[in-house]
Amino acid sequence: MRFVAGSGKIGDRIFSNLAVGAAITILALLGGVAAFLLIQAMPAVSASPSELPGGKSLIDYIAPLAFGTVLAATIAVVLAVPLAVAVALFISHIAPRKLLLPLGYMVDLLAAVPSIVYGLWGIFVLGPAAVGPMEWLEQKLGFIPFFEGPASVTGRTMLVAGLVLTVMILPIVSAVAREVFSQTPRKLQEGALALGATRWEMIRMTVLPFGKSSIISGAMLGLGRALGETMAVTIILSVSGIVTFNLISQANPSTIAANIALDFPESTGLAINTLIASGLVLFAITLVTNLAARAIVARQNIQ
Amino acid sequence: MSTLDGGVLPDWSSYGVVAASGVLAAALLLAAGIFSVALLLVLTVFVTAVVTYTWSRRIEGPRRAKDRLVTLMIVAAFGLALIPLLSLVFEVAKRGIPGLSLEFLTESARGHIGGGGAAHALVGTLVITGAAALISIPVGLMAAIYLTEYGGGRLGRALTFFVDVMTGIPSIVAGLFAYALFALIFGPGIRLGVMGSVALSVLMIPIVIRTSEEVLKIVPNHLREASYALGTPKWRTIVKVVLPTAFAGLITGMMIAVARIIGETAPLLVTTGVVDSINSNPFSGRMQNLAVYAYSEYRTPGVFKQASYDRAWAAALTLIVIVMVLNLVARLIYRRYRTEIR
């Protein structure tokens, strides 16, 4: 027991109650998010298909959107992870020391650029620039279903949306990887070098195995970001509500988040409940992704 | 020959090969008549890789050659990752500056047919973000204090876990939550500035907790123990010893949290709505903000399309400048005022 002055006792109690109160508030807030979304989604779940937007059942309404969401995010992760590992290795093991501070600041800044700015950049700069390469893809690689075409002439395609998402998640994925790469035990690295390994052999034999789980969890975190990202996709994709793996054509599936942002401001009644139900599905998808990422990190920490 | 006395490429080899490859690639492309900067870069990297690998393999042996090749590829990948960043900053500056004017920053869009400024959006951004900070910072800071100072068992573990969960909430879902909450109380179709603040708080609170927790954790225990030894109650120890020690880090973390949410669009699109005139009361009516303003100028351009796009870019530039300044000031504060902990 500590000896506490009389006046401190009341103060202590108030202060610790405040702290506990804040903790409980946050748990209640999160419970509230789930509860209120559920309450507002229920009417759409129980409504008959003919009352819902498009006259389809709720599952038929959400499924193409969920497909588009996962497709766009998958493109982003597949492209971003190798690049992010290279960037992380560059910063942790190859860049000259005096470059580290400006590089760190730059990555921070990239992570802080608002998504609306990425969206505008995607539609006005990257989209038009991608038209030529996409036509090339159609001509040379058109036999692959992804590049079947006909190539869009506006650049408003799934591929461009995926590329913008790639740029957006690159900082977070590389930050997670770099963090762990630079914690690789010095004695392992120096041991490898002392045995005559080249720098790449040292990286391959010590840094990459050590950072393997961080690459996976970084990828999952990036996936979570890409799944929930709204504005960039809303601005870039021209939506036609179909399900296709064709990445370069004008006709694209939309994503859950983009669909909400597009339709919500003009919706009323049951349409709103339907959108909220789709938001709940998005919440569930990102939740599972993030929990998987944490589980991987936690398992690694135990070892 | 990769023996100990085997050969090594000269010091100038890396830059030399890049320069020579660049010239060679340019000559090839010009000869083929398909010159472009993008192709030049790709071909230069390719030629450099081939030349470096073959040369190094002959002089230094396969292992060193592979090392050089991989290093080159990593540097090239880093360069590739840099291109979008540079392009983004350059384009936003180039396209944003024409739309920036005194009028843009001081006038609202009310009464201007397809024109006017973004003052209403600036005011809205400040009010909505300010209110979000007013909600998030006390709650987040107290929760972080709970985690580090009281650290209590099951509640603490649950909090840590659910803060992780909260970090992953998509921003649009946070917006839907705020809408669902207020729609239950005030009926459907409601749009208020404070709804946006509530939505942003859901995104901001976990950031505040994470950053504050990090900073509070590194306050050394002997400071707390010294304070207890003098008979100071725990709460005064926290207020007078722990918080001041961590002050610079806490301020920095909060500014970074604000910078993170000030550019949010999606949650505000579904909660605060779109409006033309200045509204500084978060509890009454729709409220514009910079990010949503940029989006709606792009989505529904006025009669003069280019003028609307200029305003969208000007708003984007303003946002980036705000975010950069917040980040810079946060770093400066940290460097200037951080407590040296020994």
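Reader: Which residues of α6(B) are called buried, and what makes them so?
Author: B:Leu159, B:Val163 and B:Met166. The cut-off is 20 or more other C-beta atoms within 10 Å of a residue's own. These three residues are classed as buried on that count.

Reader: Why are the buried residues of α6(B) said to line one face?
Author: Look down the helix axis. The buried residues fall within an arc of 60°, so they line one face of α6(B). On the other side, B:Gly153, B:Arg154 and B:Arg157 are exposed. Exposed requires 12 or fewer such neighbours.

Reader: What makes up the contact between chain A and chain B?
Author: It takes 73 residues from chain B and 71 residues from chain A. On the chain B side, the largest share comes from helix α3 (residues 62-96) of chain B, with 18 residues. By class, that side has 55 nonpolar, nine polar and nine charged residues.

Reader: How confident is the predictor in chain A, and where is confidence lowest?
Author: The mean pLDDT of chain A is 86, and 96% of its residues reach 70 or more. Helix α3 (residues 100-112) of chain A is lowest, at a mean of 78. Helix α6 (residues 186-194) of chain A is highest, at 92.

Reader: What is the pLDDT over residues 1-5 of chain A?
Author: Below 50. Where pLDDT is low, predicted coordinates should not be read in detail.

Methods
Residues are numbered from 1 along each chain as its sequence is written. Chains are lettered from A and ligands numbered from 1 in the order in which they are written. This is a predicted model: local features need pLDDT of at least 70, side-chain atom pairs count only at pLDDT 80 or more; totals for chains, interfaces and linings use all residues. Two residues are in contact if their C-beta atoms, placed from the backbone, lie within 7 Å. Helices (H or I, at least four residues) and strands (E, at least two) are DSSP runs, numbered from the N terminus. Ala, Val, Leu, Ile, Met, Phe, Trp, Tyr, Cys and Pro count as nonpolar, Asp, Glu, Lys and Arg as charged, and the others, Gly among them, as polar. The arc is that of the directions from the helix axis to the C-beta atoms. pLDDT is the predictor's confidence in each residue, from 0 to 100.
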